Amino acid sequence: MSSTDRDTRAAQGVGYGLAAYLMWGCFPLFFALFDEVPAYEILVHRVLWSCVFLAGVATVLRRWKPVGEALAKPRRLGRVLACAVLIAVNWGLYIYAVETHRVLQASLGYYLTPLINIALGMLVLRERMSRLQGLAVGLAGVAIALQLALIGTLPWISLVLALSFGTYGLLRKQVPLDGLSGLLVETLLLMPLGLVALGALSQAGLSHFLGDSRTTLLLLACGVITALPLLAFAGAARRLRLGTLGFLMYLNPSLQFLIALFVFDEPLKPTQLATFVLIWIGLALYSWSAWQRRPASEVRA
């Protein structure tokens, strides 16, 4: 691959990453619109309508061939199935965090995710960082450790969100499918469980779907809202190193942090704010280092 091609690929990857993380960062505003709809029911509809939306996109673009080829070889679907389970866990827990007014915990979890991405990149893919980047990551690690200590209890929401999405990013990078096909296969694998759950909710009279037009439209919108940033993320994951993905990831929790603080009025102590300041200093160092060596940092060889 020529230097020009690598630069073009890196620019595309950064663009996809920015789009994905900006959309994810605004997710609390969307999921806060649901009234008295439990997280598990919203998750069911996220799975079902994401699959329907992706199937429609694949039909319009005539991209069913790789999907069919993947499904025809079930023994090779292990990583895709693992991705599907991880993303379902992440989706459901995030909705729960918004419903229970723990968006700051979700923000903390997504601040932690880039560190997991970078660690996985080093340990599994043997990617390298410069000393300045290592210092930046270390500074962010100290800030997050301080945040964890100040919470006073185990922030299990933060930890599970970080571990599930960080591992998803690693496995998704290794799946030999393009972004659209991979995401469609993942949701197809989850769809049978989603249909069973929807049937059980309807049978028990607990389903909010078709109950009123507002809730129904919101549940339907889950498909588009969920699929668009995932498509962008998949495009970024195949073009960028995990370390660069980790750097871009900070946009998501930063937006969530601001929404939690200024829109949802979640409490934040001054000492907790100091930890976020440390993270932004680390981000500035990492950003400068990544810019200086961007051809090597942003493109996977």
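Two residues are in contact when they have heavy atoms within 4.5 Å of each other. Keep that cut-off in mind. The model you see is predicted.

Begin with the fold. The chain has 14 helices and zero strands. Now look at how the chain meets itself. Take the contacts with a separation of 6 or more: 88% of them join residues 24 or more positions apart.

Next, ask what is covered. Of the 301 residues in the chain, 49% are buried. The accessible surface comes to about 14100 Å². Carbon and sulfur atoms hold 67% of that surface.

Go inside. In soluble globular proteins, nonpolar side chains tend to be buried together. Here the largest nonpolar core has 79 residues. Which residues have the most contacts inside this core? They are Phe31, Phe34, Tyr168 and Phe233. Helix H5 gives the most to the core, with twelve residues. Zoom in on Phe34. Set aside its neighbours within four places in sequence, and Phe34 is in contact with Ile42, Leu218, Leu219 and Cys222.

Now turn to the gaps. Rolling a probe the size of a water molecule over the atoms shows where empty space is left. A search of the whole structure finds three cavities of 30 Å³ or more. The largest cavity has a volume of about 120 Å³. Its lining includes Trp24, Phe27, Arg46, Trp91, Tyr110, Phe165 and Met249. Helix H5, residues 78-99, and helix H12, residues 251-262, each supply at least two lining residues. H5 gives the most, with four. By class, the lining has eight nonpolar, three polar and one charged residues.

Finally, visit a pocket. The second largest pocket has a volume of about 230 Å³. Among the residues that line this pocket are Pro66, Glu69, Lys73, Arg76, Arg79, Gln174 and Pro176. Which helix supplies the largest share of this lining? It is H4, with three residues. H4 spans residues 64-71, and both H4 and H5 supply at least two lining residues here. By class, the pocket lining has seven nonpolar, one polar and four charged residues.

Key:
Residues numbered from 1 in each chain as written. Predicted model: local features only at pLDDT ≥ 70, side-chain atom pairs only at ≥ 80, totals over all residues. Heavy atoms only, no water. 1 Å grid on protein atoms, 1.4 Å probe; cavity = no way out; pocket = protein on both sides within 12 Å on 5 of 7 lines; lining within 4 Å. Points joined across faces, edges and corners; volume = space filled by probe spheres on them. Nonpolar A, V, L, I, M, F, W, Y, C, P; charged D, E, K, R; others polar. Buried < 20%, exposed > 50% of the residue type's maximum accessible area, 1.4 Å probe, protein only. Areas by Shrake-Rupley, 256 points an atom, 1.4 Å probe, with all protein chains shown as cover. Core = buried A, V, L, I, M, F, W, Y, C linked by side-chain atoms within 4.5 Å.
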